[in-house]
Amino acid sequence: MEKKDLQPEVVFRYFDEICQVPRPSKKEGKIRAYLVEFAQKHGLEYKLDEAGNVLIVKPATPGKEHLKTVVLQAHMDMVCEKNAATEHDFDNDPIETYVDGEWLKAKGTTLGADNGIGMAAQLAVLDSKDMEHGPIQCLFTVDEETGLTGAFALKEGFMNGDILINLDSEDDGELFIGCAGGAGTTAVYPCPMVQAPEGYFFFRVVINGLTGGHSGDDINKNRANANKLLNRYLMRLLNKYDLRLCEIDGGNLHNAIAREASAVCAVPMAEKESVRVELNIFQAEVEGEYCVTEPTLHMDLESESSRAEVMELEAMKRFLHSIYAVHHGVYAMSQEIEGLVETSSNLASIKQKDGKIVVGTSQRSSILSSRKDMSQMVRSAFILGGAEVTTGDGYPGWKPNPSSEILKITAESYERLFGVAPKVKAIHAGLECGLFLEKYPSLDMVSFGPTLRGVHSPDERMLIPTVDKFWRHLKDVLVHIPAKA
C-alpha cells in the first residue's frame with residue numbers, strides 16, 4: 001500500500017498537509033497560520049484568542065439548525081523526539097512519513113499523529129459537502145504537550161457548544177470519559193566542581209535503545225527509564241569504588257519516559273577494567289528484568305579524555321542517592337476501575353547546566369489528594385538530596401460521567417457500525433477536558449480516536465485501518481446529535 005492510496009482519502013490528505021507544517025509545542029505559529037488560511041479559503045468564520053487557540057465555525061446543514069452545537073477538539077502541537085542518529089530540525093523540517101504494512105510511521109522521529117490525526121478529522125468535517133450535521137465548532141488548542149497552556153488560557157465565551165468531542169485518544173474501540181490530573185515537580189541541585197584527582201580513568205557510559213513512550217499511557221507497561229538505569233549503575237560503582245561525576249544528561253520531555261541517558265565519570269586507574277566488568281554484569285541483569293519490554297536495550301562504556309574538574313564528592317553523593325530514592329512508575333492502581341492506573345510519577349529528565357543539575361518529573365493521579373501526596377513524596381527525596389524544589393499548580397482531572405448523553409450516542413453508534421460494543425474507560429494520561437469543564441461546566445464530553453502506539457517516541461505509529469473506522473464513527477455520531485432542549 002502506498003500513501004496516496006490510504007483511505008479515507010480526505011483525512012489522510014489533511015494529515016499529510018499537517019505533517020508538512022512544523023508545530024513544536026510553544027511554536028505553533030506556522031500551524032496556526034495554516035488553520036487561518038484554511039478557514040479563509042473555505043469561507044468559514046474563525047477567531048483566535050490571546051493564547052493562540054483557534055476556533056473555526058461551520059454552520060449547520062439546512063434543516064439541522066435546531067441540533068445541539070458540537071465542539072470538535074484537538075491540539076495543534078506535537079512531541080518532538082528523534083533518534084540520536086536522525087538529523088531533523090523540528091522548527092523547520094516536515095515530518096517524513098511512510099507506510100509499513102498496516103502502520104503509518106515517521107522516519108526517525110515522532111509521527112505527530114498525537115494529535116495531528118484529530119486535527120485532520122476536524123478539517124475533513126469542515127471541508128465536507130455531503131455530511132448532515134448541526135452547528136459545529138472546531139477548537140484547536142496550543143501547547144497541550146508541555147503544559148496545557150492553551151486549555152488553561154481558554155476564556156469563557158470563546159466557544160459555546162453543548163457537547164465536546166475530544167479527538168485525542170489512541171485506542172480504537174475504546175471511549176474515554178475520564179482522565180488523570182497532573183503536576184510537574186522540578187529539582188535544582190547545586191553542582192559545585194573541584195579539581196579532578198590525579199591518576200584517574202575517565203569514561204563515558206551511555207544507555208540507549210529503550211522503548212520509551214508516554215508517561216501516562218505507557219507507565220504501567222514495565223518499560224525501563226534510562227535515567228533510573230544510569231543512576232542505578234552509577235550507584236553500583238559508588239558503592240565499590242571512588243567514583244567521581246563530571247557530566248550527566250538524560251531524557252527530555254516531562255511526559256515521555258526517558259529513552260537515553262549518559263554520564264562522564266572517573267575512577268582510579270586501577271579500577272579501569274572493573275567498571276567495564278560491572279557494566280557487563282549490570283546489563284545482563286537488566287536484560288533479564290526487561291527481556292520482554294526492552295529488546296533493543298544497549299549499554300556502552302568508552303574511555304574519555306581527562307577532565308579538569310569533577311563534581312564535589314559529597315554533593316555528588318547526595319545527588320545520586322536522592323535520584324535513586326525518587327519514585328518512578330506506577331504507585332497505585334484504581335480501586336474503582338479495573339486496570340486503571342490511579343497514581344504514578346515519571347523521572348523525565350536530568351540536565352546539567354551553569355553549575356546546576358536540573359531534574360524534571362511529572363506526577364499523575366485521578367484523585368487530587370493522591371497526586372499531591374505523590375508530588376510531596378518526590379519533593380521529599382529531592383529536598384533530602386539538597387535540591388531546591390518547585391511543584392507547579394498542575395491541571396485537573398476529568399471525573400467520569402457514566403450517564404453522559406453523548407457517551408450513549410457514541411457507544412450506540414460504534415456498536416451499530418462495527419457490531420461490537422466499545423469499551424468505556426478512563427485514561428491515566430492527561431486530557432484537556434478537565435480544564436474545559438472548569439470554564440464550561442455544562443459540557444457533555446467524550447473522547448475517542450484511532451489506534452496509535454509508541455506516542456511521544458520515534459516509534460510512534462498509527463494503525464491505518466482504524467483511521468477509516470474513526471472517520472466513519474465520527475460522521476455517524478454527528479448525524480445522531482440530539483435537538484436542543
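The largest cavity is lined by D172, G173, E174, L175, Y414, F448, G449, K469, F470 and H473. This is a predicted model, in which local features need pLDDT of at least 70, side-chain atom pairs count only at pLDDT 80 or more, and totals for chains, interfaces and linings use all residues. Residues are numbered from 1 along each chain as its sequence is written, and side-chain values use heavy atoms, with hydrogens and water left out.

**Terms for spaces**

- On a 1 Å grid over the protein atoms alone, a cavity is a set of points where a 1.4 Å probe fits but cannot get out, whereas a pocket is an open set with protein on both sides within 12 Å along at least five of seven lines; lining residues have an atom within 4 Å of a point.
- Grid points are joined across faces, edges and corners, and a volume is the space filled by probe spheres set on the points.

**Cavities**

- Two cavities of 30 Å³ or more are present in the structure.
- The largest cavity has a volume of about 50 Å³.
- Both β8 (174–179) and α11 (464–479) supply at least two residues of its lining, and α11 gives the largest share, three residues. Helices (H or I, at least four residues) and strands (E, at least two) are DSSP runs, numbered from the N terminus.
- Four nonpolar, three polar and three charged residues make up the lining of the largest cavity. Ala, Val, Leu, Ile, Met, Phe, Trp, Tyr, Cys and Pro count as nonpolar, Asp, Glu, Lys and Arg as charged, and the others, Gly among them, as polar.
- The second largest cavity holds about 30 Å³ of space; C19, V21, P22, R23, M78, F90, D93, P94 and I95 line it.

**Largest pocket**

- The largest pocket has a volume of about 580 Å³.
- Its lining comprises 39 residues, of which T146, G147, G184, H254 and S362 lie nearest the centre.
- At least two lining residues come from each of β9 (181–190), β17 (341–353) and β18 (356–365), and β18 gives the most, with seven residues.
- By class, the lining of the largest pocket has eleven nonpolar, 19 polar and nine charged residues.

**T451**

- T451 is located in the loop between β21 (444–447) and β22 (452–453).
- T451 counts as buried because its relative accessibility is 9%; buried means under 20% relative accessible area, exposed over 50%, and partly exposed in between (1.4 Å probe, protein chains only).
- Not counting residues up to four places away in sequence, T451 touches W103, E170, D171, D172, R461, M462, L463 and T466, where contact means heavy atoms within 4.5 Å.
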